[in-house]
Amino acid sequence: MKIVIANDHAGVELKKELKDYMEGLGYEVINIGTDSTESCHYPEFGKKAAEMVASHVVDLGVLICGTGVGISLAANKVKGIRCGVCSETTTARLIRQHNNANMIAFGARIVGPELAKDIVKSFLDAEFEGGGRHQQRIDMISAIENEQ
């Protein structure tokens, strides 16, 4: 499975740890985030990563900025992206199981490296439950997106 990881200046150190962690779990990780702590613009990285997920160049995406919110907002503007911000493992698991999320975001200023690893693992280990009310709701979200 291929995973894109993207970050702004706030997430450089956490990105490095998570990239190594995911590779240790056997995932192919493509880093498109900055490796500099100089101020940069998270929307550029969120958009580029989301486009890779939406076009199936990669399977899933992991996004990091100061809070996770800004970069996730940018990613969610790309058609076909369902990205949730998570600060704990239960939500990370449920956004995959119930919302078939294809990207996750979190804040380097909010969660530490060990919790971030647990969050990512929960997200990657979970699978969409499919069908029923969950699929119906995803279809409703897609319909809203297609109205744009």
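Ser-72 is buried, with a relative accessible area of 5%; buried means under 20% relative accessible area, exposed over 50%, and partly exposed in between (1.4 Å probe, protein chains only). Welcome to this predicted model, in which local features need pLDDT of at least 70, side-chain atom pairs count only at pLDDT 80 or more, and totals for chains, interfaces and linings use all residues. Residues are numbered from 1 along each chain as its sequence is written, and side-chain values use heavy atoms, with hydrogens and water left out.

**Ser-72 and helix α3**

- Ser-72 sits in helix α3, residues 69-76; helices (H or I, at least four residues) and strands (E, at least two) are DSSP runs, numbered from the N terminus.
- Setting aside its neighbours within four places in sequence, Ser-72 is in contact with Leu-63, Cys-83, Val-85 and Ala-105, where contact means heavy atoms within 4.5 Å.

**Helix α4 against helix α5**

- Helix α4 (residues 89-97) packs with helix α5 (residues 113-125) at an angle of about 20 degrees, and their axes are 7 Å apart.
- That angle makes α4 roughly parallel to α5; angles under 35 degrees count as roughly parallel, over 145 as roughly antiparallel, 65 to 115 as roughly perpendicular and the rest as oblique.
- Axes here are lines fitted to C-alpha atoms, for helices over the stretch in contact, and angles run from 0 to 180 degrees between N-to-C directions.
- The crossing of α4 and α5 is right-handed, a term for the near helix being turned clockwise from the far one by less than a right angle, with anticlockwise giving left-handed.
- On the α4 side, the contact is made by Thr-89, Ala-92, Arg-93, Ile-95 and Arg-96, and on the α5 side by Asp-118, Ile-119, Ser-122 and Phe-123.
- Sorted by class, this contact of α4 with α5 has 4 nonpolar, 2 polar and 3 charged residues; Ala, Val, Leu, Ile, Met, Phe, Trp, Tyr, Cys and Pro count as nonpolar, Asp, Glu, Lys and Arg as charged, and the others, Gly among them, as polar.

**Helix α1 against helix α5**

- The axes of helix α1 (residues 12-24) and α5 come within 10 Å and cross at roughly 45 degrees, and α1 and α5 are therefore oblique to each other.
- The crossing of α1 and α5 is right-handed.
- From α1, Leu-14, Glu-17, Leu-18, Tyr-21 and Met-22 meet Pro-113, Ala-116, Lys-117, Val-120, Lys-121 and Leu-124 of α5.
- In the contact of α1 with α5 there are 8 nonpolar residues, no polar ones and 3 charged ones.

**Cysteines**

- The model has 0 disulfides, a disulfide being a pair of cysteine sulfur atoms within 2.5 Å.
- Cys-65 is in no disulfide, and its nearest cysteine sulfur, that of Cys-83, is 9.6 Å away; at 3% relative accessibility, Cys-65 counts as buried.
- Cys-86 is in no disulfide either, with the sulfur of Cys-83 as its nearest at 8.2 Å, and Cys-86 is buried at a relative accessible area of 1%.

**Two loop residues with positive phi**

- His-56 is not a glycine, yet has a positive phi of about 65 degrees.
- You can find His-56 in the loop between α2 (42-54) and β3 (60-65), where His-56 is exposed, with a relative accessible area of 69%.
- Asn-100, not a glycine, has a positive phi of about 50 degrees.
- The loop between α4 and β5 (103-107) holds Asn-100, which counts as partly exposed at 24% relative accessibility.
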